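Please keep the sequence and the structure open while you follow the dialogue.

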Amino acid sequence: MTAVTGPPAKMRANREDLTPMLSQYYDLCAAYDEFLVLFQVGDFYETFCEAAEETARVLELTLTQREDSTGTYPMTGIPIDNAASYVETLLDAGYRVAVADQVEDASEASGLVDRAVTQIVTPGTVVDDELLAPGSTNYVACVASEERDDAGRATDDSDPAHHAVAAVDVSTGECLVTSADTPERALEELQRVAPAEVVVGPDAAVDPADLDGDAMRTEFDPDAFERDAAGETLAKYVPRPEAVVGNDAELRAVGALLAYAEYTQGDETLEYVSRIRRYNPRDGLRLDATALRSLELFESQGPSAGPTLFDTLDDTACALGRRRLRQWLRRPLVDRERIVARLDAVDELASRSFVREDLHDHLRDVYDVERLVARVSRGRANARDLRSLKATLDVVPDVKAALEDAESDRLRSLRDSLDELEDVRDLVGRAIASDPPMEITEGGVIREGFDDELDELRATEREGRQWVADLEERERERTGIDSLSVGHNQVHGYYIEVTNPNLDRVPDDYTRRQTLKNSERFYTPELKRREDEIFGASERADALEYELFRDVRRDVGEESERIQSVADALATIDVLTTLASVAVENDYVRPELGAEGIRIEGGRHPVVERQQESFVPNPTDLTDERIALVTGPNMSGKSTYMRQVALVVVLAQLGSFVPADSARLPVVDRVFTRVGASDDIAGGQSTFMREMSELTTILHHATENSLVLLDEVGRGTSTTDGLAIARATTEFLHDEVGATTLFATHYHELTGVAEELSGVQNLHFTVERGNDNDPDGDETGAEVTFLHRVAEGASSSSYGVEVARMAGVPSSVVERSERLVDDSQTGDGGGDSTDSATQTRPESRPTRAENTSLASFSTNGQSADGTDETPMLAERQSTDGTDDRLREVAETLRDVDVATTTPLEALTLLNDLQRTLDE
């Protein structure tokens, strides 16, 4: 967050010398000292002094100056009509914004126009459509811990949950709350919510700075977190707060959060926040931030952003469905009955194309009702918003008709929950004009026939204007002045204009109103009477229209809970229809749930297959042997394969069909991923430390019902240490956890574990060299072709040198690497690395200093006949250390993960290797 430190220093130093306007600005800055105050002056929002300099810099605007009795000082303004785009930039830069509007008419003010902060805008409390992405969620979250007494003891010992997370989307009214027994789990829930802003209590044990992303940290009034105060706040939204929250921490979190939401929206109760839902994290498939990121559910990884799983599934017809799809994908189900109910609905819609297309067509006409009803309830909706609401409600009978013959329980339940809201539709239809103006205070909003008094006033106004329109022709005939004209302006009202040459023909009943250079303007007693009649009727009509509109808006707002219920059903129908469409268009199949392990035939990656002309499907059988060690070269498809298995599971528990020929799946409680290399320099973590931290989370929290993806565990340290960690991890997952696991590795020595542990199997990705028909032939130097097919057994090589050649590494480096590999594999005791892996456990292996062979990792420092093993490279080492440097180059190449190396990293690496060779 970017700090705003109260009123500008210039004003603090010269408070008594300020002009009335600057004094007013100073007071507002002092009252909202954590905000950047945008101060209305005419048609602009202005900032002054240091705030002006800061605003000009952030918004890239020209810094101007203002001069008054105070002196000369900087000033920066933004046009009110285009303020939203500038406010968005300020929010992105980490500012909170307080908008201070003129709250009285300048023409009626005596002295300085009064101003007040009418809106507070923070990243998590944005409500304007211009600042929100369609179909998105925008949460502000709150974390709190249980209340403790002066001795540090918990005041509520009835529940072991000591921390709570609450979240509300102020733009839609959705509100969630849950508990966590540790700060780590509270942080995990925050990650899943992905808030734009986090409000923290005075004793919160969770730091939003640990979140992945740019969530703003906000400290709020500690009094709002007090148990009694939080309870009073929550009681305004639910009749029985104890039925919503389960413990002290939850009460404090949700109560303080709602108090903060009220504060940002003008201290008014947000009546549309009626859907406060307590949930248990274990009721959904738990996907932490690492899994969401590595599986690319919402954000693509890598230097070039590509499509995500959400992008692939998103064929929704309306914003309601798009937001619901995000919610489902972020929190898939673990309840088999609920999953099956969704699958039944998708199955029915997939088989009934006419119903599916009919629903999709109707849902295209649905507006974002959740945000509409929120604006209605806050009193900020205009007449067009009400017409949009009616247009959406008019779709409901058609959607119900399309589902008339629904057979699945879920679709029938949704159909029955669709309240057609005839009373609301009728009210809006009778009251609001079919094409109303944007402004609600200038007339033209209320439909004729809705109110008799308004109709009379409008009739009087129309008759008067028509009388004036006919006046010009009548007066020309009466006076004989052909150039006579009748006009109107805001200052003088209606007038009759006569040019100077015809002034001698002006009748006696004309009274002079205004003198111009070439003409005179007059009025008559009748014209003045009509003018007063027209203006009086118009003003009374506009005022009456505004009051009638507010009454209609209030009446509609009172039905917000019914409208939100309809919106909820429409959102679910849209997602189910979308999942059915995606299944039909992409040849997905219905998964079978309840199996003991994962068995997939012809599995495909749902995102990658849409980007490639030909995608190679692969089977997966993790039923009897639930741990698979996956070997093969980089770029052969190991990571894609592992991810596609996880995505098939996620899709199935979402309630979707899956990209496969068939799939028999268990219900998984969590998906863990340790994929790719990254570091956290700011947090003091190297790539290897980050890897170990992620591995720690997996090994502590995975269960026998979890799915674990591991990619290259242990590659960030020495070969000896890395292999030892990889093997110990495999044994722990097999012996202690029992989780279904896919473990991709370049440690070929690790594959020997499959011969020792009954629940472990080896898989590898096949490769062809040149014209050799043997997928794992060893024709050195031949061109490598990746077949992207998985097969049983371990790969005989990582083909690192071949991949280096394909990447464009200088031929001299590649050739030397090949010779080093040949020497290593043909030397005394070298043998095949896979065969040697099973001789002993990793803890008895020598260190890298004891065995520097490039391609083999001896299990005990001895050759097959029991003699001491002397690495070939050590024998050939020259006195000047040349071979040491060449071996360093070769080992560096061998350790490169081409699949995750960016072009810039590759160029840097090549430059370093060439420098080593030149030396």
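Q: What should I know about the model and its numbering?
A: This is a predicted model, in which local features need pLDDT of at least 70 and side-chain atom pairs count only at pLDDT 80 or more, while totals for chains, interfaces and linings use all residues. Residues are numbered from 1 along each chain as its sequence is written, and side-chain values use heavy atoms, with hydrogens and water left out.

Q: How many aromatic pairs does a search of the whole structure find?
A: Rings of Phe, Tyr and Trp (its six-membered ring) pair if their centres lie within 6.5 Å, and planes under 30 degrees apart count as stacked, over 60 as edge-to-face and the rest as tilted. The search of the whole structure finds 12 such pairs. One of them joins Tyr-25 and Phe-39 edge-to-face, at 5.4 Å centre to centre with 75 degrees between the planes.

Q: Which parts of the chain does that pair link?
A: Helices (H or I, at least four residues) and strands (E, at least two) are DSSP runs, numbered from the N terminus. The pair links distant parts of the chain, since Tyr-25 lies in helix α2 (residues 20–31) and Phe-39 in strand β1 (residues 36–41), 14 residues apart. Tyr-25, Phe-39, Phe-48 and Tyr-73 form one aromatic cluster.

Q: Is Tyr-25 buried or exposed?
A: Buried means under 20% relative accessible area, exposed over 50%, and partly exposed in between (1.4 Å probe, protein chains only). Tyr-25 counts as buried because its relative accessibility is 0%, and Phe-39 is buried with a relative accessible area of 0%.

Q: Where does the charged end of Arg-330 sit?
A: A charge sits over a ring if NZ of Lys or CZ of Arg is within 6 Å of the ring centre and within 35 degrees of the ring normal. The charged end of Arg-330 sits over the ring of Phe-298, 4.4 Å from its centre, and that of Arg-521 sits over the ring of Tyr-495, 4.1 Å from its centre.

Q: What is the order of the six strands in the open sheet?
A: Two strands pair if DSSP finds at least two bridges between them. The six strands run in the order β11-β10-β7-β8-β9-β12, with mixed pairing, and the edge strands β11 (216–219) and β12 (275–278) each pair on one side only. Within this sheet, β7 (residues 140–145) and β10 (residues 197–200) pair in the parallel sense over four bridges.
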